[in-house]
Amino acid sequence: MGKGISRRALGALAVGGAASATLSGCDRVGPTEATIKSRRFPNDFVWGVATAAFQTEGSPTADGRGPTIWDTFEKQPGRIKDGSNADVATDSYRRYAEDIDLIAGAGLKAFRFSIAWSRVLPTGAGSVNAAGLDHYDRLVDACLAKGITPYATLFHWDLPQALQDKGGWSARDTANSFADYAATVAARLGDRLKHIITLNEPAVHTVFGHVLGEHAPGLKDIALLGPTTHHMNLGQGLAIQALRAAKGDLRIGTTQALQPCRPAGGPLAFWNRPASDGLDALWNKAWLDPLLKGTYPAAMGDFLKGHLRDGDLEIIRQPIDFLGVNYYAPAYVKLDLASPSQIAVGAPPKGAELDAFGRQIDPSGLAEVLERVRRDYGNPPVLITENGCSDPFGDGPGVIDDGFRVQYLRRHLEAVKSAMEAGSRIGGYFAWTLIDNWEWDIGYTSKFGLVAMDRATGVRTPKASYGWFKQVATTGLLPAT
Ligand code: FCB
């Protein structure tokens with residue numbers, strides 16, 4: 001994470017034109033605590049944890065895995081805050097059985113992990129690596145043996161390097177390769193793996209990987225915003241079609257990083273409104289609108305010129321079984337006439353409660369995005385596919401007595417419950433994450449786990465939040481304090 005722009009701060013976006021948007025943004029600042037009628041969640045509410053392959057697996061060359069864009073990126077000097085790489089991570093490629101024991105030990109019934117595309121297809125397309133699929137076969141079986149439902153994400157940012165060499169997601173053909181990969185996974189695992197998430201947070205991958213250069217593939221080119229967004233949407237549509245053709249009974253969803261975009265500046269917020277609306281368009285609506293309404297927001301128009309073809313929007317608008325919502329914090333946005341986009345990061349309101357990332361802790365932001373999905377997008381079934389917070393940054397061990405995380409989770413679960421009471425169809429909640437892992441551009445300095453890990457030995461130690469989450473998951477009752 002550089003001193004300037006960072007994912008955590010949602011830094012200045014070099015996004016020309018977006019500031020001219022006149023769409024209404026989600027800029028309402030709600031109460032910080034939710035009012036709920038009952039602290040009891042339904043019996044069939046799904047409690048789980050979420051992880052991602054590149055952040056946990058390690059073993060980057062085992063069993064024929066091909067290189068990914070993150071293998072390339074992490075080795076470039078200066079890219080990762082602590083100079084680390086994910087070659088070991090939580091060693092979960094080898095220790096997955098221990099991870100599943102921890103999930104079962106917390107009484108959780110669901111595990112969201114991601115499949116590494118380059119384990120299945122080392123060059124992203126063409127020949128299938130049976131040994132890579134064998135790993136996920138074992139993982140799925142190990143989950144099922146413990147009564148845990150596997151939810152597999154197909155793309156959590158680790159594009160095979162060979163595809164990037166041909167243009168990555170900015171190349172239209174990657175959308176076809178993604179659909180072929182999805183079909184391959186469904187053909188091998190679909191008899192037991194019934195829940196599939198196509199993409200994880202494509203907004204983050206697009207903006208931080210292609211416009212800001214903070215994530216792999218490390219590109220800084222505003223011209224990539226349109227094609228990358230569109231080809232990921234298209235790839236998702238083609239993948240959903242391919243999955244349904246391969247197995248008719250799959251439950252298919254997508255995971256989006258929904259973030260309220262609020263104008264910064266207190267009394268001067270009026271001036272910042274166009275900038276926050278612009279960010280809202282490319283960050284939230286550019287993914288939700290084509291999938292759920294069959295249109296792109298007007299602000300994306302210029303970016304998409306030359307990339308959007310007849311028939312594409314019909315392919316993208318596929319029925320889904322659930323919308324995955326990831327939420328961490330709201331974004332505060334300001335107008336910046338010095339930036340080509342006129343969009344820059346603004347500060348949270350004075351006195352706001354901040355987490356270790358310097359982001360505002362604001363459960364009302366979660367209630368706000370859930371309300372929006374309910375009100376503006378036809379109230380689809382929702383799963384909260386990520387939510388959580390980091391220990392304070394540093395190289396020290398994970399904080400075992402993590403009362404701050406318990407409070408974060410508790411307050412965000414209140415927001416979930418209040419949205420349910422208002423009519424949202426929320427079927428489950430996955431905490432991010434099981435074990436302290438490798439957090440992308442900030443390496444091992446951030447720790448989001450319910451379980452700490454000694455990096456020298458790999459030994460896992462549950463934190464207080466693990467016990468707390470177990471209590472909530474097994475009783476279905478959210479404590480009041
Ligand atoms: C989300 C990512 C996940 C992790 C958490 C902290 O945006 O999906 O991989 O980085 O943030």
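Predicted model: local features only at pLDDT ≥ 70, side-chain atom pairs only at ≥ 80, totals over all residues.

User: Are Arg460 and Asp99 buried or exposed?

Analyst: The idea is to look at relative accessible area, where under 20% means buried. Arg460 has 10%, so it counts as buried. Asp99 has 5%, so it counts as buried too.

User: How many salt bridges does a search of the whole structure find?

Analyst: It finds 34. Another one joins Arg244 and Asp321, with the closest N and O atoms 3.2 Å apart. Arg244 is in helix H9 (residues 225–246), while Asp321 lies in the loop between helix H12 (312–316) and strand E7 (322–326), 77 residues away. Here the two partners get separate labels: Arg244 is partly exposed at 29%, and Asp321 is buried at 16%. Salt bridges can also share partners, and that joins Asp134, Asp137, Asp141, Arg188, Asp191 and Arg192 into one network.

User: How do I check the length of a helix? Take H5.

Analyst: Count 1.5 Å a residue and compare with the ends. The 16 residues of H5 (residues 130–145) should span 22 Å, and the end C-alpha atoms are 22 Å apart, so the two agree. Buried residues of H5 include Leu133, Tyr136 and Val140. The buried residues of H5 pack against several elements, among them helix H3 (92–105) and strand E3 (149–155). Just after H5, Gly147 has a positive phi of about 75°.

User: Which residues form a nonpolar patch on the surface?

Analyst: Leu268, Phe270 and Trp271 do, with about 420 Å² of accessible area together. Trp271 belongs to helix H10 (residues 269–292). Its relative accessible area is 56%, so Trp271 counts as exposed.

User: And how do I judge the whole thing?

Analyst: Start with the parts: there are 15 helices and 13 strands. Then compare the radius of gyration with a rule for globules. The value is 21 Å, close to the 23 Å that the rule gives for 481 residues, so the protein is as compact as a globular protein of that length. Buried residues make up 63% of the 481.

Notes: Residues numbered from 1 in each chain as written. Heavy atoms only, no water. Patch = residues over 30% accessible without salt bridge, like charges linked within 9 Å, V, L, I, M, F, W, Y side chains within 5 Å. Areas by Shrake-Rupley, 256 points an atom, 1.4 Å probe, with all protein chains shown as cover. Salt bridge = Lys/Arg side-chain N within 4 Å of Asp/Glu carboxyl O. Helix = DSSP H or I, 4+ residues; strand = E, 2+ residues; numbered from the N terminus. Buried < 20%, exposed > 50% of the residue type's maximum accessible area, 1.4 Å probe, protein only. Rg over C-alpha atoms; globule rule 2.2 N^0.38 Å. Expected span 1.5 Å × (residues − 1). Contact = heavy atoms within 4.5 Å.
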